[in-house]
Amino acid sequence: MMLLNPNQRNTIFGTTYPLDDRSFEIMNQAIDFFEMKGKRKIKEDDHQRTFYADFIEFQKKERLFATLLTPNQYGFDSNCRWDTWRNCHFNEILGFYGLAYWYTWQVSILGLGPVWMSKNEALKRQAADLLLAGHVFAFGLSERAHGADIYATEMNLTIQPDGSYRANGEKYYIGNANISPMVSTFGRFAGTKDYVFFTADYRKGEYDLVKNVTASQNYVAEYALHDYPVSEEDILSRGQEAWDSALNTVNVGKFNLGWASIGICTHALYEAVTHAGNRRLYNMFVTDFPHVRQMFTDAYARLLAMKLFALRASDYMRNASPADRRYLLYNPMVKMKVTTQGEEVINLLWDVIAAKGFEKDTYFEMAARDIRALPKLEGTVHVNIALIVKFMLNYFFFPEKYPETPRQDGRQDDIFLFNQGAARGLSQIRFHDYNLPYDAFSSPNVTRFKYQISLFKEFLTAATPSETQQKDIDFLLGLGEIFALVVYGQLILENALIYAIDVNTVEQVFDFMVRDFSRHALNLFSKPSTTNTQLEYCKRMIEKPEPDDGRFLAIWESQVMALKDAYELQP
Ligand SMILES: Cc1cc2nc3c(=O)[nH]c(=O)nc-3n(C[C@H](O)[C@H](O)[C@H](O)COP(=O)(O)OP(=O)(O)OC[C@H]3O[C@@H](n4cnc5c(N)ncnc54)[C@H](O)[C@@H]3O)c2cc1C
């Protein structure tokens, strides 16, 4: 039982992903809130773009964000801690019921990043007090004209004769900036051009809430500061520390996007299988069509893989230290790979349920729209692939020994995330040998996948991309997709061992992994600059998974069809 099912909370949060009492209660409270709100009201609020004030009020009353997002040192009780294990599950629940609810939580996490990373103790205490009072937080990094290019930040602080500052500039796409008394705002000092993070309060006169730039339940703000007074007490960090805390905050936050995808896909899968499994056409059930079975089984296997990978990446986040920064590879992959797989899952489901996916009273209608957002936020897929290719050389050719990383489901506060240090030196990070989990399996599709990997590794040495190719981001993205697949498979297998996933299920996952490898090899083959030797390798990488009707049928009946009528959101 790996997938979230609100009807089976005891199994999910009692056995599969064990939680302590208060954490279990928090998950229950969140699920109850949405089940009681019900599908009709959730959909009505979505259609009418009603701001989620009810959810914010609820989390305030139950002190949910305060418990989950306050490090123990600043917490109001012993249950407070920043615990990625339980935050993963909370993320998933919010995505499961509606991305808008997840968004206010997510941007609070981002807003709190530069605060918990700061040396300004008074502001940390203030943040803890505001959390306890039920407030949400905001992260003012993006500017309208500059997109991913944060070097070009224009928000600036000008020093005044009394030593204080005035802030001027505007920020764009900032969630919660309409109601947050503590908007972590990134800027530069006017003279030195040094970076700075300071807090701004939406209630002050010099804070101009210009508009909501989206037409949704979310308030994604444009705000401008006009001679906004900033004192030394409002400054979170400056110079290199401010820069690092911007990047390190995104490191923490972007991981959550994968979990939102998992939540969305899980709910959509229940709805789709239940619809198709009960619908009769030509005197048979839609789920009797072979292609429908194929699409559903693929969607299920992809979703399971998303969850196995994201759970394992959480282990490495929680276990991270200055000596072990492997999370910096796995974490962007949760962002870029899990979220794009989420799109694939929804595409598959939508092809099956067709017209139903447009109906206004389905969850699916929201899922089909929202799943698209996640690969695009907090760094696009391109930005994240460009980031991970920096790890490729060490990953394949210079493995390092690390102690085993067991499942990290303990009650610890993940304070290293707020002490990540300088956001550089990526090419020095070493990884444990990726062969270890692969060699623990000898089933046909995993074996085929290993063969594809061996060819790719040979490609890198015998047909090494030229300097020009290495500077060509389009070519690099092609390489990066294949590299990402190898890492994806590695962590999936590590978790298949931890969660004792049966070999049939692993094989079904590697059925699509082999096909995806072939697809990406063909993509690399088609790049304009691919040389003849490279072409030959790409052709050899194209493989077909091993068919096994018995295995397929077993998964279809025992795992996919088992989801029919297993869960439906209360009306
Ligand atoms: C609903 C929503 C909510 C948001 N919430 C917040 C928030 O609360 N706080 C906040 O600060 N921001 C927020 N954002 C901004 C969001 O993080 C950015 O939109 C996102 O990082 C991508 O920037 P962009 O869309 O401007 O793309 P651009 O930066 O304009 O990119 C254009 C193209 O260039 C490519 N590209 C850019 N740089 C690189 C690179 N280095 N390597 C390879 N390719 C590259 C991109 O992939 C893209 O295809 C939000 C955005 C939205 C839509």
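Which residues line the largest cavity? Select Trp82, Thr84, Asn87, Cys88, Asn91, Ile109, Val252, Phe255, Asn256, Met317 and Leu417, and you have its lining on screen. Keep in mind as you go that this is a predicted model.

**Stop 1: the cavity**

A search of the whole structure turns up one cavity of 30 Å³ or more, and the volume of this largest cavity is about 80 Å³. Now colour helix 5 (84-97) and helix 8, the elements that give two or more residues to its lining. Helix 5 has the largest share, with four residues. Colour by residue class and you'll find seven nonpolar and four polar residues in the lining, with no charged ones.

**Stop 2: the second largest pocket**

Stay with helix 8 for a moment and select residues 240-278 to see it whole. Helix 8 also gives the most to the lining of the second largest pocket, again with four residues. That pocket holds about 370 Å³ of space. To centre your view, pick Trp116, Met117, Ser118, Phe418 and Asn419, the closest to the pocket's centre of the 20 residues that line it. Try the class colours here too: the lining of this pocket splits into seven nonpolar, eight polar and five charged residues.

**Stop 3: the ligand**

The shell has 18 residues, and the closest are Ser142, Ala148, Tyr173, Thr380 and His382.

Phe139 uses its backbone instead, with an N or O atom 2.9 Å from a ligand nitrogen. Then go to Gly379, where a backbone N or O atom lies 3.2 Å from an oxygen atom of the ligand.

Helix 6 (99-116), strand 3 (165-175) and helix 12 (381-388) each supply at least two residues, and strand 3 gives the most, with three. By class, the shell comes out as ten nonpolar, six polar and two charged residues.

**Stop 4: two aspartates with positive phi**

Time for some backbone geometry. Most residues other than glycine have a negative phi. Select Asp227 in strand 7 (residues 220-230): its phi is positive, near 50°. Is Asp227 buried, partly exposed or exposed? It counts as partly exposed, because its relative accessibility is 41%, between the 20% and 50% cut-offs.

Jump to Asp565, in the segment after helix 20 (549-560). Asp565 also has a positive phi, about 60°, although it is not a glycine. At 48% relative accessibility, Asp565 counts as partly exposed.

**Stop 5: Asn532**

For the last stop, select helix 19 (residues 532-541), where Asn532 is found. Why does Asn532 count as exposed? Its relative accessibility is 61%, and exposed means over 50%.

Conventions
Residues numbered from 1 in each chain as written. Predicted model: local features only at pLDDT ≥ 70, side-chain atom pairs only at ≥ 80, totals over all residues. Heavy atoms only, no water. Buried < 20%, exposed > 50% of the residue type's maximum accessible area, 1.4 Å probe, protein only. 1 Å grid on protein atoms, 1.4 Å probe; cavity = no way out; pocket = protein on both sides within 12 Å on 5 of 7 lines; lining within 4 Å. Points joined across faces, edges and corners; volume = space filled by probe spheres on them. Nonpolar A, V, L, I, M, F, W, Y, C, P; charged D, E, K, R; others polar. Near = heavy atom within 4 Å. Polar contact = N/O pair within 3.5 Å; in protein donor to acceptor, adjacent residues only side chain to side chain.
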